[in-house]
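Open the model in your viewer and keep the selection tool at hand. The stops below go from a pocket to the domains around it.

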Amino acid sequence: MQIDILGNADTVTERDSSLLIQTAEAEARVWVYSPTIIRVCVTRNGKAPDESFAVIEKPLDNFTWQKLYDTVEIDTSALKLVIGLHPLRFSFFTADGKPLSEDDERFGINWQADRVVNYRKLYPDEKFLGLGEKAGDLNRRGCNYVNWNTDASLHTITTDPLYKTFPFFIGLHGGLSYGLFFDNTHRSFFDFGATTDEQMSWFGADGGDMNYYFFGAQGLRNIIEDYTWLTGRMEMPPLWSLGYQQCRWSYMSAQEVLDVARRFRERNIPADVMYCDIDYMDGYKIFTWNKETFPDPKGMIDELKAMNFKLVTIVDPGIKIDADYKQYKEGVDRGYFATYPNGELYVGSVWPGRCHFPDFLNEEVREWWGAAFTTLADPGVEGFWNDMNEPAAWGQNMPWMVKFGDKFMPEVRNVYGMQMSRGTYDGTKRILKGKRPFILTRAAYCGTQRYSAIWTGDNAATDEHMLFGQRLVNSLGLAGMSMIGVDIGGFMGNPTPELMVRWNSLGPYVPMFRNHAALGMSMREPWQWGDEYEAVIKKDIEQRYKLLPYIYSGFYQSTQTGLPLARTLAIDYTTDESVYDPFYQNQFLFGDSILVAPVASTFDSCDVYLPAGDWYRLSSDEKFNGNQSVTVPSPLTDLPVFVKAGGIVPMQSVIQSTNEPGDGILQIHIWNGDEPNAFVYYEDDGSTYAYQEGVYHKRTISFDPQKKEVSFSRVEGSHTSKYSKMRLVWHGFEGVDEVEMDNNNETLTINY
Ligand code: MIG
């Protein structure tokens, strides 16, 4: 095997807002995107840098650099990049010279045959977080990972790779933080000091460039904000998608879909969404309906709408080879499918039988795909679930010579699902004429947050998977993904009634609350578990609906700063060692103020770690001091959930669907504390893009314990709140009465 280690720099020049450095074997380009973001891209001589699917921002035109004796230095207000010229090495420091991340002096960037690798110095106390949907602990030190989007059915809690690729990690050492996004779509590798005698960490890919963005902001919130500035942020999700979602593979007929929906209403269990999994189609042909079992899609959806339900339907990428099928004929005629190098169409088998696979990397193909959703959207579908887009086919080993335009499978695979969801999003957004579509995808790459929600694929009905699922959600949050679901109840296998109840009690705090189960598994609807458990599940789903004003405001934050709704405690308590303790690592903050401790269904008491500050149990207002672990009861009726002292949580009355008006009162719950706090309350019409033109209702709610006052800023935006009144609800205050007031747009101060 040929090993080429990056050698001496021959020339350093400025070129097109970058610094271009040439060596005998390679060209290195450096761009500055902002004072805290620097990009390094090293290509083999003569090769143009790969294009990005993730990055949506442009570099700065100018930056400050100077050539010293044996180095070049780039200085921003926040960062110093020292480029060693003999040999060419890249090392990042804070502006005042503290090391953040340095190339290994010996090996730096190198090629091992076609594989490009970067070895970096490993600091003794260095921790690593991130990479999105990955097995293992919150702190990934000592582990190694592969990114290669995979249909990981039957995965365990140690399986790697899974469905998605997020080559973005955060390093922590010496009280400092940095982020690194390796923007390379080939099969990639990350090794956080697994087998290098504690000397090096490394990352690399089977092909493409050593192309990375270095984030030097201090603090995880700032790094996430920078990363999502670079790769984009989500849009406001349709409000209905934040309600309870009932899925199954499959509700087999329109009759069954309607029966289940009706049962929710009869039993007064709130819900917003029903799903059609693959069996609604005619022979699994995408964009068709089964004429026998779903004879009148519009009629069915109209009935669902009358019950305040929305419908989500699944689509897979594989287009059935069938001479009478529109998408097959058009795709073949126009050359839209993946081919072998000799031009023959590639055939893989999946649910419909023998299939061709659209080239979603081609814009024209995405437009064609997106326009075809009329057969679903015209009768009234507003949610589109993109499955099997790793892409999956029986055998799971699509040949590497399969071609998409001028690219081959190894380069395409990790972005295929993202590009499918992009086509689905763009197309359905156009078709829905101003209504927000809901897109859900299984495979993803960095930047997918711009188009789609995600779920973590085929988990299993065990406690272990429930806890692991939350860890995945928390880790995906660090990669800018906020709208995330796990199959509540577990996809494979049958949950015990206790697990089903416990998992539903976590549901209100999973960003996307969706129940799902595989073909042949037990029925999972809330009434399948006996009266007593049904009542508990109903209460949990009601909790979700009460919290929707808080949750919606939390998603607004994701649209503005990229901060996820479910936040590993590492985001706000980065230097607290206990948050990395495997025993506490699944805990997370849900929004600004709520701390959730997932607990196995078999424990009716458990240890919870409460970080610095004071905390109240949500269910009882019992107060606890933080910076310690506490043993608390955790019966199936009461998941350990806490609110930070000073926490401000807007809630509403129980409604049966997001389409119901409720009692018109916005409840502002406040938990007493010594520190002032503020919450940005956000509301809009929940269904259109008018909010992007200023039609929203936004104000800051402040709590000041010194002045003993709660104040409301003047409302920004032109949307009229759906709550005509507000009610202040006090927790942990002595002898203070609830206050009810009109929800007008003016400033307001309440003293207590
Ligand atoms: O080969 O559409 O992860 O959620 O129910 C299985 C049937 C295909 C895999 C998805 C799962 C879905 C199932 N799909």
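Which helix and strands each supply at least two residues of the lining of the largest pocket? Select β4 (26–34), β20 (210–215) and α7 (409–431); helices (H or I, at least four residues) and strands (E, at least two) are DSSP runs, numbered from the N terminus. This is a predicted model, where local features need pLDDT of at least 70 and side-chain atom pairs count only at pLDDT 80 or more, while totals for chains, interfaces and linings use all residues. Residues are numbered from 1 along each chain as its sequence is written, and side-chain values use heavy atoms, with hydrogens and water left out.

Next, select Pro49, Asp50, Glu51, Ser52 and Phe53, which lie nearest the centre of the pocket among its 30 lining residues. A pocket here is an open set of points on a 1 Å grid over the protein atoms alone, where a 1.4 Å probe fits, with protein on both sides within 12 Å along at least five of seven lines; lining residues have an atom within 4 Å of a point.

Now colour domain 1 (3–231) and domain 2 (243–316 + 376–395 + 408–561) separately; the bounds come from an automatic or database domain assignment. Both domains give residues to the lining, so the largest pocket lies between them. Their centres, taken over C-alpha atoms, are 35 Å apart. The contact (heavy atoms within 4.5 Å) takes 47 residues from domain 1 and 38 residues from domain 2.
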